[in-house]
Amino acid sequence: MASAGPAPHKLSRAEARRVAVGAQLLDEPRPAGLHDIVRALTLLQVDQTAAVAPSADLVLWSRLGSAYDRAELASALEKQTLIELQSMIRPAEDMVLYRTDMADWPGKGELTDWRAAQARWVEANDGCRREILTALAMSGPMTARELPDNCAVPWRSSGWTNDKSVTRLLEFMVQRGEVVVVGREDRDRLWELAERVHPDVPLLPADEAVRLRDERRLRSLGIVRERAADMQIEPSGVGSAGEPAVIEGVKGKWRVDPERLGRPFTGRAALLSPFDRLVYDRKRALAVFDYDYQVEMYKPAAKRRWGYFALPILYGDRLVGKLDATADRAAGLLRVAAVHRDVTFTGEIWDSVDAEIEDLARWLGLEVDTGGE
């Protein structure tokens, strides 16, 4: 008779929140440095929206505070100790976990309709793909606008990539393991042949690569739903990694990193990027933290509840509000339009949040402007 497996860990919501916060390095003591953070988090999402600061920089500032120097991230990317892969910055040593998928692109077995359509489009533009590889081989890193645009079939979509055939083709070539982003000129990505960047190591068996990615993802998140929605670039599920858990008052089954259980917890205040992994899974944030949040930059101004680029506010093991702030660099001000409170702020919470706002302004080289409040 097959074993039923270990009994699920029974966690209170507070325990689950502390597991999640600790896994994301948002408790005390603060982590040691940039590379330690990226290895622990597994990724930084690239989003260049600079209403306050680009997301990757905000995530690092949330962990390190104003001692974080944005030049550190640029230097790590230039030296390729960190690598940008499909709009995610990852440790260079993690590339081996993705090389097998690249070799198998567009995937094994029966393909979904959208994957099959992507494969057909790349095949239809094979001539342009080869011209891009030749240009990079001869000239080294180039931006998309510098590369030949001889796509026989233009890329069509209802989004921002419509008619951006070379950019879209390059993104598929990343997935195929042919090119990689090695830096930026202003906001334009610099593309290079992957063979000049990827470590020359044997491919992992596909199932081992998936298992290792799942284990690293769970360590970075702490606790995740057992059945999570499929996402193209970074899944939210963790397979069979960790151990089963249930959370008091929360429906569903979960997977938890057992190494996070029973640890002492000392919380602090933090202002988070809208794309911070603590809040990125909106369903998990609602279930575990009772926190309702959406990025509102894509909404008309009249329909926004919290602001164009509102920063989630963490206090201890709770998400307690949103900061509507904008960096007005021309005026030298961090303009604070509102602090939206999801709970009643005590004097201690206000003091801690105010200190984080001051630290954010100091890191940005700005003065805080509350509009006379």
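Are Trp121 and Trp155 buried or exposed? Both are buried. Keep that pair in mind; the tour returns to it. The model on screen is predicted.

**Stop 1: helices H2 and H3**

Select residues 34–41 for helix H2 and residues 55–64 for helix H3. Their axes lie 11 Å apart and cross at an angle of about 110 degrees. Angles from 65 to 115 degrees count as roughly perpendicular, and H2 and H3 are therefore roughly perpendicular to each other. Now show side chains. H2 brings Leu34, Ile37, Val38 and Leu41 to the contact, and H3 brings Val59, Leu60, Arg63 and Leu64. By class, the contact of H2 with H3 holds 7 nonpolar residues, no polar ones and 1 charged.

**Stop 2**

Move on to Thr42. This residue is in the loop between H2 and strand S2 (44–45). Its relative accessible area is 5%, under the 20% limit, so Thr42 is buried. What does Thr42 touch, leaving out residues up to four places away in sequence? Select Ile89, Arg90, Pro91, Asp94, Arg216 and Ser220.

**Stop 3: helices H1 and H11**

Select residues 13–23 for helix H1 and residues 282–289 for helix H11. The angle here is about 140 degrees, with the axes 9 Å apart. Roughly antiparallel would need an angle over 145 degrees; H1 and H11 are therefore oblique to each other. On the H1 side, pick Arg13, Ala16, Arg17, Ala20 and Val21. On the H11 side, pick Arg284, Ala287, Val288 and Phe289. The contact of H1 with H11 divides into 6 nonpolar, no polar and 3 charged residues.

**Stop 4: aromatic pairs**

Searching the whole structure gives 9 aromatic pairs. Start with Trp61 and Trp363. Their rings are stacked, at 5.9 Å centre to centre and with 20 degrees between the planes. Why does this pair tie together parts that are 302 residues apart in sequence? Trp61 lies in helix H3, while Trp363 lies in helix H12 (residues 347–364), so the link spans that separation. Colour by accessibility next. Trp61 has a relative accessibility of 1% and so counts as buried. Trp363, at 7%, also counts as buried.

Now go back to the opening pair. Trp121 is in helix H6 (residues 113–124). Trp155 is in the loop between helix H7 (126–139) and helix H8 (165–175). The pair therefore ties together parts 34 residues apart in sequence. Ring pairs link Trp105, Trp121, Trp155 and Phe172 into a cluster.

**Stop 5: charges over rings**

The charged end of Arg70 sits over the Trp363 ring, 4.9 Å from the ring centre. For another case, select Trp306 and Lys322. Lys322 lies over the face of Trp306, at 4.2 Å from the centre of the ring.

**Stop 6**

Hide the side chains and look at the backbone. Most residues other than glycine have a negative phi, and most peptide bonds are trans. The next selections depart from that.

Which residues are joined by a cis peptide bond with omega about -5 degrees? They are Glu28 and Pro29. Pro29 is in the loop between H1 and H2. Another cis peptide bond joins Trp105 and Pro106, with omega about 10 degrees. Trp105 is also one of the rings in the aromatic cluster. Pro106 is in the loop between helix H5 (96–103) and H6.

Now the phi angles. Gln86 is not a glycine, but its phi is positive, about 50 degrees. Find Gln86 in the loop between strand S3 (82–85) and strand S4 (88–91). With a relative accessibility of 29%, Gln86 counts as partly exposed.

Finish at Asp186. Its phi is also positive, about 55 degrees, although Asp186 is not a glycine. The residue is in the loop between strand S5 (179–185) and strand S6 (188–193). Is Asp186 buried or exposed? Its relative accessible area is 79%, so Asp186 is exposed.

Methods. Residues numbered from 1 in each chain as written. Predicted model: local features only at pLDDT ≥ 70, side-chain atom pairs only at ≥ 80, totals over all residues. Heavy atoms only, no water. Axes fitted to C-alpha atoms, helices over the stretch in contact; angles between N-to-C directions. Helix = DSSP H or I, 4+ residues; strand = E, 2+ residues; numbered from the N terminus. Parallel < 35°, antiparallel > 145°, perpendicular 65-115°, else oblique. Contact = heavy atoms within 4.5 Å. Nonpolar A, V, L, I, M, F, W, Y, C, P; charged D, E, K, R; others polar. Phe/Tyr/Trp six-rings, centres within 6.5 Å; stacked < 30°, edge-to-face > 60°. Buried < 20%, exposed > 50% of the residue type's maximum accessible area, 1.4 Å probe, protein only. Lys NZ or Arg CZ within 6 Å of the ring centre and 35° of its normal.
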